[in-house]
Amino acid sequence: MRFLPVFLDLQAGSILLVGGGELVRAKLRLLLSAGAHIRWHATDGRHDVTGLDAVDAARIERAEGDPRTADLSGVIAILCAGAGDIGPAMSSRAKALGLPVNVMDDLQHSTFIFPAIVDRGDVVVAVGTGGASPVVARRVRERIEAVLPARIGDLASFIGRRRKAMHGRIPEFALRRRFWERIVDGPIGALVLAGRGDEAEAALKHIADPSAFAGAPAGRAEGRVTLVGAGPGDPDLLTVKALRALQDADVIFYDELVAPEILDRARRDAARVPVGRRVGKPGIGQDAINRLLIDAAKSGQRAVRLKGGDPFIFGRGGEEIEALRKADVAYSVIPGITAGLGAAAQSEVPLTFRNEALRITFLTAHKARDAETVDWSTLTDVKMTVVVYMGMTAAPSIRAGLLAAGRSPQTPVGVFARATRPDSQAVAGTLNELPALVQRIDSGPAILVIGDVVAHSTPWRDAGLDSLLSNFLVAAE
Ligand code: SAH
């Protein structure tokens, strides 16, 4: 490591900036947004501030004359655009005075370099490659951006504002550190990260004895449950938040729908507990699952309840949070991409389409018996796309119900199995053929989409059904 990342106090003096052009303007923007005092020698004499905010630009001290002989009092660092001999000259001057200097794109004459920066208020991450590759540094920065909670800076300042006061209340260093760890890792930290600063403040005030709170046996205060939508299968369809929850979990209770590739993204030492129906075996039941979640949280664990798709779409998430609320367990919900949306995106079914489809209904028809209880007359609108979850076995009843209610037998339908997974399968045809289409599916899970928009889909186009449909239309005329 040749360059050690350190943080420069911009209040300590001015940054001397030498040069002009777009590169220099980019640095001006950076320094202005960081609140720096800037003294600028524009070597072309023009001080061109095109593209900078006018109020910001007015904060720049515009220096005239030759920077090689200019007065450097009050300067804490020098930044110089590289062209010509001015860079090396400024570099020698800076070195003689012991001032840090950066000559852009010129490592040889620089004693410091700019990192790629993740800026979240009080939390700042600097990424460097020792000048080897700014592009690689930027890619690393993007990855860090993706995993850092948006409000991590708020959390730092929330604690920063209270650290001094807590110093008096918990004199012992190790205990104090433990206290803040518990705040950061526990529900109070979660509240700040969720933008609920006032509630976090109230909860913090509620801690009557901070030392006891810090010293309490692990658990109690920290346990919580996060309901996480795992999406339809492709692990890259996890949300950034879901990924964070998985990496933060002590224990994960997952459904049979959750693909192993998704569990692979979880913290390595998190316990994994399957609670769904297994092939040939019934699940443990909703009450037992609720019990497991409550017990895990009450024993101080960060439990994740991982569900296929979205927790609130035919996922019984509503029942689980009701139970958690009753048991006074802290919880939060992270949405996921529901199977219908995953399948539609993959197979190019625009669920709404100009004037063709103006409404969507998500419904479930688990068994023929369920399908019989559906009021199909509400689903005959030709401008409505109907997405059916768990509808495979009930396919004949769904067809019968819709036809009896008056939906056209020529309505396009798609059956999408294992959508977004590597072994996905999609078939399309007409409502009339629905039971036969379902027969062509090798294995589940699968979803049905019924509506004219299915005629835009890949399986429909692949099967050359376009001409089929127009034949039908011609025949109908
Ligand atoms: N909460 C889930 C749905 C659970 S119900 C969600 O939002 O997606 C289970 C049903 O979801 C399955 O019977 C099937 O109809 C559908 N499903 C789940 N994953 C699927 C996938 N990858 N492809 C197609 N259908 C899927």
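**Sheet and domain contact in a predicted model**

Modeller: This is a predicted model.

Biologist: What makes β4 and β5 a strand pair?

Modeller: Pairing needs at least two bridges. Three bridges join β4 (residues 75–80) to β5, so the pair qualifies under that cut-off. The two strands run parallel. Leu79 stands opposite Asn102 in β5.

Biologist: Where are domain 3 and domain 4?

Modeller: The domain assignment gives 225–337 for domain 3 and 341–476 for domain 4. Their C-alpha centres lie 29 Å apart. Eight residues from domain 3 and eleven residues from domain 4 take part in the contact.

Biologist: How do you know what area is buried between domain 3 and domain 4?

Modeller: Buried area is the accessible area lost on being put together, summed over both parts. For domain 3 and domain 4 that comes to about 800 Å². Carbon and sulfur atoms give 72% of it.

Biologist: How many salt bridges cross the interface of domain 3 and domain 4?

Modeller: The rule asks for a Lys or Arg side-chain nitrogen within 4 Å of an Asp or Glu carboxyl oxygen. Across this interface it finds zero. Polar contact is found there for four residue pairs, both residues at pLDDT 80 or more.

Key: Residues are numbered from 1 along each chain as its sequence is written. This is a predicted model: local features need pLDDT of at least 70, side-chain atom pairs count only at pLDDT 80 or more; totals for chains, interfaces and linings use all residues. Side-chain values use heavy atoms; hydrogens and water are left out. Helices (H or I, at least four residues) and strands (E, at least two) are DSSP runs, numbered from the N terminus. Domain bounds come from an automatic or database domain assignment. Contact means heavy atoms within 4.5 Å. Buried area is the accessible area (1.4 Å probe) that two parts lose on being put together, summed over both. A polar contact is a pair of N or O atoms within 3.5 Å; within protein, one must be able to donate a hydrogen and the other to accept it, and residues adjacent in sequence count only if both atoms are side-chain atoms.
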